[in-house]
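Please look through the model below before reading the points that follow. They are meant for someone who has not seen it before.

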Amino acid sequence: MKRERSGEDSAGAEAPKAKRRAGAAEAEQPRMNVTNRCWARTAAGRNCGAACSRDDGIPYCKVHFKRGDSAVKVVAHDEHPEIFGNVLVATQDLPKGYKFIYWGDLLRSSELRKRQHAMEHVIEFCPNPYTNQVRGTIDPTAHPEGSVLQYAMMPGPGECVNMAPTWTHFGRYGKNGRTPLAARVYKLTRPVPKGQQISHDYGSGWMECRGIKKMNCGTKKYPMPLKKPRKPRKPRAAAPPEAVEEAAAVAAQ
């Protein structure tokens, strides 16, 4: 939301600035390194900020860990629920850079093989950005109400993403002190108005290897951000006859 410019009174003096409305979209979340305060928003649009002291470091309070971030809601696709199922929709205007947390059970490869039903929603756990080494798999499907990011759609051919993953992870791996849950932080790459779907890229070839045809999933009620039409290329100007003759002469030598 843009700040309103305060007007000037008849004497030319600047009018006093209006107080910022509670829940304004420009309100900032805690920084990445602040994990003892909840990152979610309330239904009224305020930053929650409640205390949280989880062993895995996931910065959600008990309420938002159980119900999910109130900045979004899970709804059935209003036109083709038989194809798209549930989608994730913004309940309020959200600014670029707003942070979500994709969290779930931290699984080893042996455990993942027993959860084939979850393969459509899992993401890799890569806590070290310098090595990009996979240390496990995050499965959100056992937490359908709290881990709401699993319902974010992949955009169709005429649509584009509005959210992308970061390198920030929560959770620990290894024999000593491995946490049952882990998470990865995602950020909005553009402002998202109320009612728009949240979308991100599932990865190269995700649709093709499953034999799924890409379709636009935005609707009038729950739109998706659209790609800008490409501008047609201007035709190249024809070379003057002198330049053509000179090039032919050089080639003949």
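**Notes on the model**

1. Residues 24 or more positions apart account for 64% of the contacts in the protein with a separation of 6 or more, a contact being heavy atoms within 4.5 Å. This is a predicted model, in which local features need pLDDT of at least 70 and side-chain atom pairs count only at pLDDT 80 or more, while totals for chains, interfaces and linings use all residues. Residues are numbered from 1 along each chain as its sequence is written, and side-chain values use heavy atoms, with hydrogens and water left out.

2. The protein has five helices and seven strands, taken as DSSP runs (helices H or I, at least four residues; strands E, at least two) and numbered from the N terminus. Along the sequence the pattern is α-β-α-β-β-α-β-β-β-β-α-α. Of the 253 residues, 36% are buried (under 20% relative accessible area, with exposed over 50% and partly exposed in between; 1.4 Å probe, protein chains only).

3. The largest nonpolar core has 22 residues. Such a core is a set of buried Ala, Val, Leu, Ile, Met, Phe, Trp, Tyr and Cys residues joined through side-chain atoms within 4.5 Å. Leu88, Leu94, Phe100, Met163, Leu188 and Ile198 have the most contacts inside the largest core. Strand 2 (86–90), strand 3 (99–107) and strand 7 (181–188) each supply at least two of its residues. Another core, of 13 residues, lies apart from the largest one, and its members include Ala40, Ile58, Cys61 and Phe65. Ala40 sits in the segment before helix 1 (62–67). Is Ala40 buried or exposed? Its relative accessibility is 0%, so Ala40 counts as buried. The C-alpha atoms of Ala40 and Phe65 are separated by 9.2 Å, with the two residues 25 apart along the chain. Leaving aside neighbours within four places in sequence, Ala40 is in contact with Arg46, Asn47, Cys48, Tyr60, His64, Asp69 and Tyr98.

4. Gln92 belongs to the loop between strand 2 and strand 3. Gln92 counts as buried because its relative accessibility is 10%. Its side chain makes a polar contact with the side chain of Thr91 (3.4 Å). A polar contact is a pair of N or O atoms within 3.5 Å; within protein, one must be able to donate a hydrogen and the other to accept it, and residues adjacent in sequence count only if both atoms are side-chain atoms. Beyond four places in sequence, Gln92 touches residues including Arg41, Thr42, Ala43, Val192, Pro193 and Lys194.

5. The largest pocket holds about 940 Å³ of space. On a 1 Å grid over the protein atoms alone, a pocket is an open set of points with protein on both sides within 12 Å along at least five of seven lines, a cavity is a set where a 1.4 Å probe fits but cannot get out, and lining residues have an atom within 4 Å of a point. Of the 39 residues lining the largest pocket, Glu120, His121, His200, Tyr202 and Trp206 are the closest to its centre. Strand 6 gives the most to this lining, with three residues. The lining divides into 24 nonpolar, eight polar and seven charged residues (Ala, Val, Leu, Ile, Met, Phe, Trp, Tyr, Cys and Pro are nonpolar, Asp, Glu, Lys and Arg charged, and the others, Gly among them, polar).

6. How many cavities of 30 Å³ or more does a search of the whole structure find? The search finds one. About 40 Å³ of space lies in the largest cavity, a volume being the space filled by probe spheres set on grid points that are joined across faces, edges and corners. Tyr60, Gly68, Asp69, Phe100, Ile101, Trp103, Gly146, Val148 and Leu149 line the largest cavity.
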